[in-house]
Amino acid sequence: MTRPDDPLRIPIAIRAYTESPNKEPVGTLASADITASPWTVVFDTETAIDAAQRFRFGFYQIRYRDCLREEGIFYDDNTIPADEEMQIRDFARSRNLALLTVAEFRTDVFLKYGYTRGGTIVGFNLPFDISRIAIRHSPARRSMRGGFSFELTRNADDPRVRIKHLSPKSAIIDFAKPGEQDTPRGMRKRGFRVPVNRGHFVDCKTTAAALLSRRFSLRSLSACLGTPTQKHNTDEHGSLSADYLDYARADTQVTWECYINLHGRYAAHHLSRPIDRLLSEASIGKAYIQAMGIKPFLGCNPQFPRKYFGEIFSAFYGGRAEVRNRRVIREVTYCDFKSMYPTVNSLMGLWEFVIADGLVIEETTAKTQAFLAKVTLTDLQRPECWKKLCTLVRITPDEDIFPVRAAYNGLTNTIGLNRLTAPSPLWLTLADCIVSKLLTGRCPRIEKAQTYHPGPRQSELAAIRILGKSDFTIDPNTDDFFTRLI
(Lines give C-alpha, C1' and ligand atoms only; values in the text may rest on other atoms or scores of the structure.)
Protein backbone atom coordinates (compact mmCIF):
# COMPACT_ATOMS: atom_id res chain seq x y z
CA MET A 1 0.00 0.00 0.00
CA THR A 2 1.33 3.48 -0.84
CA ARG A 3 0.12 6.84 0.34
CA PRO A 4 0.33 9.98 -1.82
CA ASP A 5 1.98 11.98 0.97
CA ASP A 6 4.38 9.22 1.90
CA PRO A 7 6.00 6.76 -0.54
CA LEU A 8 6.45 4.20 2.20
CA ARG A 9 5.10 0.80 1.22
CA ILE A 10 3.11 -1.04 3.89
CA PRO A 11 2.16 -4.74 3.70
CA ILE A 12 -1.59 -5.29 3.83
CA ALA A 13 -3.48 -8.32 5.13
CA ILE A 14 -6.54 -10.03 3.70
CA ARG A 15 -8.67 -12.87 4.96
CA ALA A 16 -8.23 -16.34 3.52
CA TYR A 17 -10.24 -19.57 3.51
CA THR A 18 -8.59 -22.78 4.70
CA GLU A 19 -9.64 -26.34 5.48
CA SER A 20 -7.73 -28.85 7.57
CA PRO A 21 -6.36 -31.75 5.49
CA ASN A 22 -8.39 -34.98 5.66
CA LYS A 23 -11.06 -33.31 7.79
CA GLU A 24 -14.64 -32.70 6.71
CA PRO A 25 -15.51 -28.97 6.85
CA VAL A 26 -18.22 -27.55 9.08
CA GLY A 27 -21.69 -28.15 7.71
CA THR A 28 -21.01 -31.40 5.87
CA LEU A 29 -21.42 -33.78 8.81
CA ALA A 30 -24.15 -34.22 11.39
CA SER A 31 -23.27 -33.31 14.97
CA ALA A 32 -22.02 -36.16 17.16
CA ASP A 33 -22.77 -34.47 20.49
CA ILE A 34 -23.22 -36.73 23.51
CA THR A 35 -26.31 -35.86 25.54
CA ALA A 36 -25.73 -34.92 29.17
CA SER A 37 -26.85 -37.36 31.87
CA PRO A 38 -29.21 -36.32 34.72
CA TRP A 39 -26.24 -35.73 37.07
CA THR A 40 -25.16 -32.18 37.90
CA VAL A 41 -22.14 -30.92 39.84
CA VAL A 42 -22.30 -27.33 41.12
CA PHE A 43 -19.18 -25.93 42.74
CA ASP A 44 -17.52 -22.70 43.80
CA THR A 45 -14.04 -21.96 45.11
CA GLU A 46 -12.69 -19.49 47.63
CA THR A 47 -9.15 -18.15 47.30
CA ALA A 48 -6.58 -16.15 49.18
CA ILE A 49 -6.89 -12.40 48.78
CA ASP A 50 -3.33 -11.92 47.59
CA ALA A 51 -2.33 -11.37 43.95
CA ALA A 52 -1.88 -15.12 43.32
CA GLN A 53 -5.44 -15.90 44.51
CA ARG A 54 -4.33 -19.35 45.61
CA PHE A 55 -7.11 -21.89 46.23
CA ARG A 56 -8.10 -22.37 49.89
CA PHE A 57 -11.41 -24.24 49.97
CA GLY A 58 -14.65 -24.65 48.07
CA PHE A 59 -18.18 -26.02 48.28
CA TYR A 60 -20.01 -28.40 45.96
CA GLN A 61 -23.36 -30.04 45.38
CA ILE A 62 -24.05 -33.30 43.53
CA ARG A 63 -27.58 -33.50 42.18
CA TYR A 64 -29.52 -36.14 40.28
CA ARG A 65 -32.10 -34.17 38.35
CA ASP A 66 -33.39 -31.75 41.01
CA CYS A 67 -32.60 -34.01 43.98
CA LEU A 68 -29.59 -33.10 46.13
CA ARG A 69 -27.58 -36.31 46.60
CA GLU A 70 -24.50 -34.88 48.32
CA GLU A 71 -23.26 -31.54 49.57
CA GLY A 72 -19.75 -30.99 50.75
CA ILE A 73 -16.71 -28.84 51.31
CA PHE A 74 -13.24 -29.49 49.89
CA TYR A 75 -9.94 -27.84 50.80
CA ASP A 76 -6.23 -27.79 50.00
CA ASP A 77 -4.71 -30.01 52.68
CA ASN A 78 -1.16 -29.18 51.53
CA THR A 79 -1.24 -25.44 52.15
CA ILE A 80 -4.09 -24.56 54.50
CA PRO A 81 -2.98 -23.93 58.13
CA ALA A 82 -3.82 -26.54 60.76
CA ASP A 83 -6.15 -24.21 62.69
CA GLU A 84 -8.15 -23.39 59.55
CA GLU A 85 -8.36 -27.08 58.65
CA MET A 86 -9.83 -27.73 62.09
CA GLN A 87 -12.43 -24.98 61.57
CA ILE A 88 -13.39 -26.51 58.23
CA ARG A 89 -13.72 -29.96 59.79
CA ASP A 90 -15.89 -28.61 62.62
CA PHE A 91 -18.05 -26.70 60.13
CA ALA A 92 -18.55 -29.78 57.93
CA ARG A 93 -19.51 -31.86 60.96
CA SER A 94 -21.96 -29.26 62.29
CA ARG A 95 -23.68 -28.81 58.88
CA ASN A 96 -23.64 -32.53 58.00
CA LEU A 97 -21.45 -31.92 54.93
CA ALA A 98 -19.07 -34.30 53.21
CA LEU A 99 -15.42 -33.35 53.67
CA LEU A 100 -12.90 -33.88 50.86
CA THR A 101 -9.41 -32.77 49.97
CA VAL A 102 -9.15 -30.94 46.66
CA ALA A 103 -7.46 -34.02 45.15
CA GLU A 104 -10.43 -36.16 46.22
CA PHE A 105 -12.83 -33.59 44.80
CA ARG A 106 -11.07 -33.65 41.43
CA THR A 107 -11.30 -37.44 41.06
CA ASP A 108 -14.37 -38.43 43.12
CA VAL A 109 -16.65 -35.54 42.15
CA PHE A 110 -15.47 -33.43 39.22
CA LEU A 111 -14.21 -36.26 36.98
CA LYS A 112 -16.49 -39.01 38.29
CA TYR A 113 -19.75 -37.13 37.72
CA GLY A 114 -18.69 -34.60 35.10
CA TYR A 115 -16.73 -36.98 32.85
CA THR A 116 -17.35 -40.64 33.64
CA ARG A 117 -21.08 -40.24 34.35
CA GLY A 118 -21.53 -37.54 31.70
CA GLY A 119 -23.11 -34.99 34.01
CA THR A 120 -23.24 -31.21 33.70
CA ILE A 121 -20.69 -29.10 35.57
CA VAL A 122 -22.19 -25.79 36.68
CA GLY A 123 -20.59 -22.70 38.17
CA PHE A 124 -20.39 -18.95 37.98
CA ASN A 125 -17.23 -17.81 36.20
CA LEU A 126 -16.19 -21.43 35.68
CA PRO A 127 -12.85 -20.68 33.98
CA PHE A 128 -11.59 -19.11 37.19
CA ASP A 129 -12.82 -21.92 39.46
CA ILE A 130 -11.42 -24.65 37.20
CA SER A 131 -8.03 -22.91 37.10
CA ARG A 132 -7.97 -22.84 40.92
CA ILE A 133 -8.38 -26.61 41.34
CA ALA A 134 -5.94 -27.60 38.54
CA ILE A 135 -2.49 -28.90 39.44
CA ARG A 136 -0.82 -27.35 36.38
CA HIS A 137 -1.59 -25.69 33.05
CA SER A 138 -0.18 -25.44 29.55
CA PRO A 139 -1.22 -23.92 26.21
CA ALA A 140 -4.12 -25.73 24.52
CA ARG A 141 -3.64 -27.11 21.02
CA ARG A 142 -5.55 -27.76 17.81
CA SER A 143 -9.10 -26.33 17.84
CA MET A 144 -8.51 -24.71 21.26
CA ARG A 145 -5.25 -23.06 20.29
CA GLY A 146 -4.94 -19.76 22.09
CA GLY A 147 -6.56 -21.17 25.21
CA PHE A 148 -5.37 -23.13 28.26
CA SER A 149 -5.20 -26.83 29.04
CA PHE A 150 -5.58 -27.63 32.76
CA GLU A 151 -4.26 -30.88 34.24
CA LEU A 152 -6.36 -32.27 37.10
CA THR A 153 -4.50 -35.48 38.00
CA ARG A 154 -1.19 -37.22 37.31
CA ASN A 155 -3.03 -40.08 35.60
CA ALA A 156 -2.53 -39.82 31.81
CA ASP A 157 -5.85 -41.59 31.25
CA ASP A 158 -7.75 -38.76 32.97
CA PRO A 159 -8.75 -35.91 30.67
CA ARG A 160 -7.50 -32.38 30.93
CA VAL A 161 -9.93 -29.45 30.84
CA ARG A 162 -9.46 -26.97 27.98
CA ILE A 163 -10.64 -23.37 28.18
CA LYS A 164 -10.56 -20.79 25.42
CA HIS A 165 -11.95 -17.31 26.05
CA LEU A 166 -14.07 -15.84 23.27
CA SER A 167 -14.98 -12.58 25.00
CA PRO A 168 -15.21 -11.14 28.52
CA LYS A 169 -18.61 -12.86 28.76
CA SER A 170 -17.96 -16.29 27.30
CA ALA A 171 -15.46 -19.11 26.94
CA ILE A 172 -15.43 -22.54 25.35
CA ILE A 173 -14.84 -25.22 27.99
CA ASP A 174 -14.43 -28.92 27.28
CA PHE A 175 -12.56 -32.08 28.17
CA ALA A 176 -9.50 -32.88 26.09
CA LYS A 177 -9.17 -36.36 24.66
CA PRO A 178 -7.38 -38.43 27.33
CA GLY A 179 -4.36 -40.58 26.73
CA GLU A 180 -6.43 -43.79 26.60
CA GLN A 181 -7.81 -44.59 23.12
CA ASP A 182 -11.58 -43.93 23.05
CA THR A 183 -12.25 -46.33 20.20
CA PRO A 184 -10.95 -49.91 20.68
CA ARG A 185 -8.76 -51.34 17.93
CA GLY A 186 -11.38 -53.85 16.79
CA MET A 187 -13.95 -51.09 16.28
CA ARG A 188 -11.43 -48.90 14.45
CA LYS A 189 -10.69 -51.74 12.02
CA ARG A 190 -14.42 -52.02 11.25
CA GLY A 191 -14.68 -48.29 10.64
CA PHE A 192 -16.53 -47.43 13.86
CA ARG A 193 -15.64 -44.47 16.05
CA VAL A 194 -16.62 -43.61 19.60
CA PRO A 195 -17.33 -39.87 19.84
CA VAL A 196 -14.91 -37.98 22.08
CA ASN A 197 -16.50 -37.10 25.41
CA ARG A 198 -16.12 -33.33 25.54
CA GLY A 199 -18.27 -32.96 28.65
CA HIS A 200 -21.00 -30.47 29.49
CA PHE A 201 -20.10 -27.18 31.18
CA VAL A 202 -22.55 -24.40 32.01
CA ASP A 203 -21.14 -21.11 33.22
CA CYS A 204 -24.13 -19.17 34.55
CA LYS A 205 -22.27 -15.94 33.85
CA THR A 206 -22.15 -16.81 30.13
CA THR A 207 -25.68 -18.26 29.98
CA ALA A 208 -27.18 -15.20 31.68
CA ALA A 209 -25.40 -12.83 29.29
CA ALA A 210 -26.70 -14.84 26.30
CA LEU A 211 -30.31 -14.95 27.52
CA LEU A 212 -30.57 -11.50 29.09
CA SER A 213 -28.03 -9.50 27.04
CA ARG A 214 -26.33 -8.09 30.14
CA ARG A 215 -23.21 -8.76 32.18
CA PHE A 216 -23.84 -9.92 35.74
CA SER A 217 -22.10 -10.64 38.99
CA LEU A 218 -23.56 -13.52 40.99
CA ARG A 219 -25.16 -10.98 43.32
CA SER A 220 -26.80 -8.97 40.54
CA LEU A 221 -27.91 -12.11 38.69
CA SER A 222 -29.62 -13.63 41.71
CA ALA A 223 -31.34 -10.29 42.34
CA CYS A 224 -32.43 -10.03 38.70
CA LEU A 225 -33.83 -13.57 38.65
CA GLY A 226 -35.37 -13.30 42.11
CA THR A 227 -33.93 -16.62 43.29
CA PRO A 228 -35.13 -17.91 46.70
CA THR A 229 -31.56 -17.72 48.01
CA GLN A 230 -29.72 -14.45 47.52
CA LYS A 231 -25.99 -13.95 47.73
CA HIS A 232 -24.98 -13.15 51.31
CA ASN A 233 -22.99 -10.13 52.45
CA THR A 234 -19.67 -10.44 54.24
CA ASP A 235 -16.79 -8.29 55.39
CA GLU A 236 -14.62 -11.29 56.30
CA HIS A 237 -12.76 -11.99 53.05
CA GLY A 238 -9.35 -13.38 53.94
CA SER A 239 -10.34 -14.58 57.41
CA LEU A 240 -12.02 -17.87 58.25
CA SER A 241 -15.06 -18.21 60.50
CA ALA A 242 -18.35 -20.06 60.61
CA ASP A 243 -20.12 -16.98 59.19
CA TYR A 244 -17.69 -16.75 56.29
CA LEU A 245 -18.08 -20.45 55.55
CA ASP A 246 -21.87 -20.02 55.57
CA TYR A 247 -21.40 -17.14 53.12
CA ALA A 248 -19.27 -19.28 50.80
CA ARG A 249 -21.63 -22.26 51.06
CA ALA A 250 -24.58 -20.09 50.06
CA ASP A 251 -22.85 -19.14 46.80
CA THR A 252 -23.15 -22.72 45.59
CA GLN A 253 -26.88 -22.79 46.35
CA VAL A 254 -27.38 -19.42 44.67
CA THR A 255 -25.53 -20.69 41.60
CA TRP A 256 -27.77 -23.77 41.44
CA GLU A 257 -30.94 -21.67 41.70
CA CYS A 258 -29.69 -19.30 38.99
CA TYR A 259 -28.93 -22.30 36.78
CA ILE A 260 -32.44 -23.74 37.23
CA ASN A 261 -34.02 -20.34 36.48
CA LEU A 262 -31.88 -19.82 33.37
CA HIS A 263 -32.51 -23.39 32.23
CA GLY A 264 -36.26 -22.73 32.44
CA ARG A 265 -35.94 -19.51 30.48
CA TYR A 266 -33.99 -21.24 27.76
CA ALA A 267 -36.44 -24.17 27.69
CA ALA A 268 -39.21 -21.67 26.87
CA HIS A 269 -37.56 -21.22 23.46
CA HIS A 270 -38.22 -24.91 22.66
CA LEU A 271 -34.84 -25.29 20.95
CA SER A 272 -32.92 -28.54 20.50
CA ARG A 273 -29.45 -27.10 21.10
CA PRO A 274 -28.43 -28.02 24.69
CA ILE A 275 -27.92 -25.24 27.18
CA ASP A 276 -24.20 -26.05 27.56
CA ARG A 277 -23.77 -24.99 23.91
CA LEU A 278 -25.20 -21.54 24.64
CA LEU A 279 -22.31 -19.06 24.44
CA SER A 280 -23.95 -15.82 23.30
CA GLU A 281 -27.10 -14.28 21.83
CA ALA A 282 -25.81 -15.56 18.48
CA SER A 283 -26.07 -19.14 19.79
CA ILE A 284 -29.80 -18.63 20.25
CA GLY A 285 -30.12 -17.25 16.73
CA LYS A 286 -28.23 -20.24 15.32
CA ALA A 287 -30.46 -22.61 17.27
CA TYR A 288 -33.56 -21.00 15.73
CA ILE A 289 -31.98 -21.29 12.28
CA GLN A 290 -31.48 -24.98 12.98
CA ALA A 291 -35.07 -25.31 14.25
CA MET A 292 -36.32 -23.96 10.91
CA GLY A 293 -34.66 -26.91 9.19
CA ILE A 294 -32.12 -24.75 7.39
CA LYS A 295 -29.02 -26.67 6.36
CA PRO A 296 -25.57 -25.05 6.34
CA PHE A 297 -24.29 -24.07 2.91
CA LEU A 298 -21.77 -26.91 2.67
CA GLY A 299 -24.41 -29.32 3.93
CA CYS A 300 -26.29 -28.57 0.70
CA ASN A 301 -23.24 -28.12 -1.53
CA PRO A 302 -20.29 -30.18 -0.21
CA GLN A 303 -18.54 -29.98 -3.61
CA PHE A 304 -18.82 -26.20 -3.98
CA PRO A 305 -15.54 -24.87 -5.48
CA ARG A 306 -13.50 -23.53 -2.58
CA LYS A 307 -11.80 -20.85 -4.70
CA TYR A 308 -15.00 -18.79 -4.47
CA PHE A 309 -14.77 -18.92 -0.67
CA GLY A 310 -11.29 -17.44 -0.93
CA GLU A 311 -12.57 -14.55 -3.04
CA ILE A 312 -15.52 -13.95 -0.71
CA PHE A 313 -13.39 -14.10 2.45
CA SER A 314 -10.74 -11.73 1.09
CA ALA A 315 -13.44 -9.15 0.28
CA PHE A 316 -14.81 -9.20 3.84
CA TYR A 317 -13.63 -6.52 6.25
CA GLY A 318 -16.33 -6.60 8.92
CA GLY A 319 -17.25 -3.67 11.12
CA ARG A 320 -15.24 -0.50 11.13
CA ALA A 321 -15.66 3.16 12.05
CA GLU A 322 -14.35 6.27 10.35
CA VAL A 323 -14.33 9.45 12.42
CA ARG A 324 -14.29 12.36 9.97
CA ASN A 325 -15.10 15.19 12.37
CA ARG A 326 -12.95 14.67 15.43
CA ARG A 327 -13.33 17.03 18.40
CA VAL A 328 -15.47 19.40 16.36
CA ILE A 329 -18.87 20.57 17.55
CA ARG A 330 -21.54 19.35 15.12
CA GLU A 331 -25.28 18.80 15.15
CA VAL A 332 -25.87 15.06 15.01
CA THR A 333 -28.67 12.53 14.68
CA TYR A 334 -28.48 9.58 17.05
CA CYS A 335 -28.68 6.25 15.20
CA ASP A 336 -29.16 2.71 16.49
CA PHE A 337 -26.09 1.05 14.98
CA LYS A 338 -27.06 -2.31 16.44
CA SER A 339 -29.72 -2.44 13.71
CA MET A 340 -27.18 -1.79 10.94
CA TYR A 341 -26.41 -5.40 10.05
CA PRO A 342 -30.00 -6.72 9.97
CA THR A 343 -31.03 -3.63 7.98
CA VAL A 344 -28.35 -4.28 5.35
CA ASN A 345 -29.27 -7.99 5.29
CA SER A 346 -32.90 -7.13 4.65
CA LEU A 347 -32.22 -4.45 2.02
CA MET A 348 -29.90 -6.77 0.08
CA GLY A 349 -32.30 -9.72 0.32
CA LEU A 350 -29.68 -11.95 1.92
CA TRP A 351 -32.28 -14.16 3.63
CA GLU A 352 -32.92 -15.80 0.27
CA PHE A 353 -29.29 -16.98 0.30
CA VAL A 354 -29.68 -18.44 3.81
CA ILE A 355 -32.64 -20.65 2.81
CA ALA A 356 -31.33 -21.48 -0.67
CA ASP A 357 -30.14 -24.90 -1.75
CA GLY A 358 -26.99 -23.50 -3.35
CA LEU A 359 -26.28 -20.37 -5.38
CA VAL A 360 -25.60 -19.27 -8.94
CA ILE A 361 -22.57 -17.15 -9.88
CA GLU A 362 -22.95 -14.91 -12.93
CA GLU A 363 -20.11 -13.05 -14.66
CA THR A 364 -21.34 -9.41 -14.89
CA THR A 365 -18.25 -7.30 -15.59
CA ALA A 366 -19.70 -4.96 -18.23
CA LYS A 367 -23.08 -4.64 -16.49
CA THR A 368 -21.46 -3.88 -13.11
CA GLN A 369 -19.07 -1.29 -14.56
CA ALA A 370 -22.02 0.47 -16.21
CA PHE A 371 -24.02 0.41 -12.97
CA LEU A 372 -21.07 1.80 -11.01
CA ALA A 373 -20.61 4.61 -13.52
CA LYS A 374 -24.14 5.93 -13.11
CA VAL A 375 -25.05 5.12 -9.49
CA THR A 376 -25.53 8.16 -7.22
CA LEU A 377 -26.04 8.79 -3.53
CA THR A 378 -29.73 9.39 -4.29
CA ASP A 379 -30.00 5.93 -5.83
CA LEU A 380 -28.87 4.41 -2.54
CA GLN A 381 -31.92 5.92 -0.84
CA ARG A 382 -34.11 3.56 -2.87
CA PRO A 383 -34.43 0.04 -1.41
CA GLU A 384 -34.51 -1.63 -4.82
CA CYS A 385 -30.97 -0.40 -5.51
CA TRP A 386 -29.57 -2.51 -2.65
CA LYS A 387 -30.71 -5.73 -4.31
CA LYS A 388 -28.02 -5.08 -6.96
CA LEU A 389 -25.15 -5.09 -4.46
CA CYS A 390 -24.68 -8.88 -4.18
CA THR A 391 -21.61 -8.58 -6.38
CA LEU A 392 -17.88 -8.99 -5.86
CA VAL A 393 -15.38 -7.21 -8.11
CA ARG A 394 -11.70 -7.71 -8.83
CA ILE A 395 -9.78 -4.45 -9.00
CA THR A 396 -6.16 -3.35 -9.11
CA PRO A 397 -6.44 -0.30 -6.81
CA ASP A 398 -4.99 2.97 -8.12
CA GLU A 399 -5.44 5.84 -5.67
CA ASP A 400 -8.90 4.49 -4.83
CA ILE A 401 -10.33 4.70 -1.33
CA PHE A 402 -10.89 1.21 0.04
CA PRO A 403 -10.88 -0.53 3.42
CA VAL A 404 -7.33 -1.65 4.18
CA ARG A 405 -6.24 -4.06 6.89
CA ALA A 406 -2.66 -3.35 7.95
CA ALA A 407 -0.39 -2.98 10.97
CA TYR A 408 -0.53 0.81 11.11
CA ASN A 409 1.21 0.86 14.48
CA GLY A 410 3.71 -1.74 13.35
CA LEU A 411 2.21 -4.39 15.63
CA THR A 412 -1.49 -5.14 15.16
CA ASN A 413 -3.61 -5.40 12.02
CA THR A 414 -6.54 -3.00 12.10
CA ILE A 415 -8.85 -1.65 9.39
CA GLY A 416 -8.79 1.86 7.99
CA LEU A 417 -10.39 3.54 4.99
CA ASN A 418 -7.45 4.80 2.92
CA ARG A 419 -6.26 5.71 -0.53
CA LEU A 420 -4.87 2.49 -1.87
CA THR A 421 -2.51 1.64 -4.70
CA ALA A 422 -1.52 -2.00 -5.05
CA PRO A 423 0.62 -3.89 -7.57
CA SER A 424 -1.81 -6.82 -7.87
CA PRO A 425 -5.61 -7.13 -7.99
CA LEU A 426 -7.83 -7.52 -4.93
CA TRP A 427 -11.38 -8.78 -4.52
CA LEU A 428 -13.74 -6.18 -3.03
CA THR A 429 -17.47 -5.70 -2.73
CA LEU A 430 -19.42 -3.58 -5.17
CA ALA A 431 -20.54 -1.52 -2.16
CA ASP A 432 -16.91 -0.62 -1.39
CA CYS A 433 -16.46 0.50 -4.99
CA ILE A 434 -19.49 2.78 -4.71
CA VAL A 435 -18.03 4.31 -1.54
CA SER A 436 -14.74 4.96 -3.33
CA LYS A 437 -16.54 6.61 -6.24
CA LEU A 438 -18.56 8.88 -3.95
CA LEU A 439 -15.45 9.92 -1.99
CA THR A 440 -13.02 10.37 -4.89
CA GLY A 441 -15.37 11.42 -7.69
CA ARG A 442 -14.12 8.73 -10.08
CA CYS A 443 -14.98 5.08 -10.72
CA PRO A 444 -12.57 2.27 -9.88
CA ARG A 445 -11.78 0.21 -12.99
CA ILE A 446 -13.33 -3.25 -12.69
CA GLU A 447 -11.35 -6.15 -14.15
CA LYS A 448 -13.94 -8.77 -13.31
CA ALA A 449 -17.30 -8.83 -11.57
CA GLN A 450 -19.27 -11.78 -10.19
CA THR A 451 -22.91 -11.41 -9.15
CA TYR A 452 -24.37 -13.99 -6.78
CA HIS A 453 -27.96 -15.24 -7.04
CA PRO A 454 -29.70 -17.60 -4.58
CA GLY A 455 -30.55 -21.05 -5.86
CA PRO A 456 -33.87 -22.85 -5.29
CA ARG A 457 -35.17 -22.90 -1.73
CA GLN A 458 -34.40 -25.81 0.54
CA SER A 459 -37.23 -28.35 0.68
CA GLU A 460 -37.54 -29.05 4.41
CA LEU A 461 -38.08 -25.55 5.83
CA ALA A 462 -40.43 -25.28 8.81
CA ALA A 463 -42.10 -22.42 10.67
CA ILE A 464 -41.03 -21.64 14.23
CA ARG A 465 -42.54 -19.80 17.17
CA ILE A 466 -40.28 -17.45 19.10
CA LEU A 467 -40.56 -18.43 22.79
CA GLY A 468 -43.36 -20.78 21.72
CA LYS A 469 -45.79 -17.88 21.13
CA SER A 470 -48.11 -18.08 18.14
CA ASP A 471 -48.05 -14.27 17.80
CA PHE A 472 -44.34 -14.55 17.01
CA THR A 473 -44.49 -17.19 14.28
CA ILE A 474 -41.83 -16.97 11.60
CA ASP A 475 -42.14 -18.98 8.38
CA PRO A 476 -38.82 -19.03 6.50
CA ASN A 477 -40.71 -19.63 3.24
CA THR A 478 -42.66 -16.37 3.46
CA ASP A 479 -40.94 -14.19 6.07
CA ASP A 480 -37.63 -12.36 6.00
CA PHE A 481 -36.22 -13.63 9.30
CA PHE A 482 -34.19 -10.46 9.98
CA THR A 483 -37.16 -8.13 9.46
CA ARG A 484 -39.76 -10.33 11.15
CA LEU A 485 -37.67 -10.92 14.25
CA ILE A 486 -36.96 -7.23 14.80
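So, how much of the protein chain do buried residues make up? Buried residues come to 42% of the 486 residues, with buried meaning under 20% relative accessible area, exposed over 50%, and partly exposed in between (1.4 Å probe, protein chains only).

Quick caveats. This is a predicted model, where local features need pLDDT of at least 70 and side-chain atom pairs count only at pLDDT 80 or more, while totals for chains, interfaces and linings use all residues. Residues are numbered from 1 along each chain as its sequence is written, and side-chain values use heavy atoms, leaving out hydrogens and water.

Okay, the overall picture. We've got 16 helices and 18 strands in the protein chain; those are DSSP runs numbered from the N terminus, helices being H or I with at least four residues and strands E with at least two. The C-alpha trace spans about 85 × 60 × 50 Å along its principal axes.

Now let's look at helix H5, residues 204-212. Here 7 of its 9 residues are buried, so the helix is mostly covered. Among the buried ones are Cys204, Thr206 and Leu211. And what do they pack against? Strands E5 (120-123), E9 (170-175) and E10 (200-203), plus helices H6 (218-225), H7 (242-267) and H8 (281-291); contact there means heavy atoms within 4.5 Å.

Last stop, Arg142. You'll find it in the loop between strand E6 (136-139) and strand E7 (148-151). Arg142 counts as exposed because its relative accessibility is 69%.
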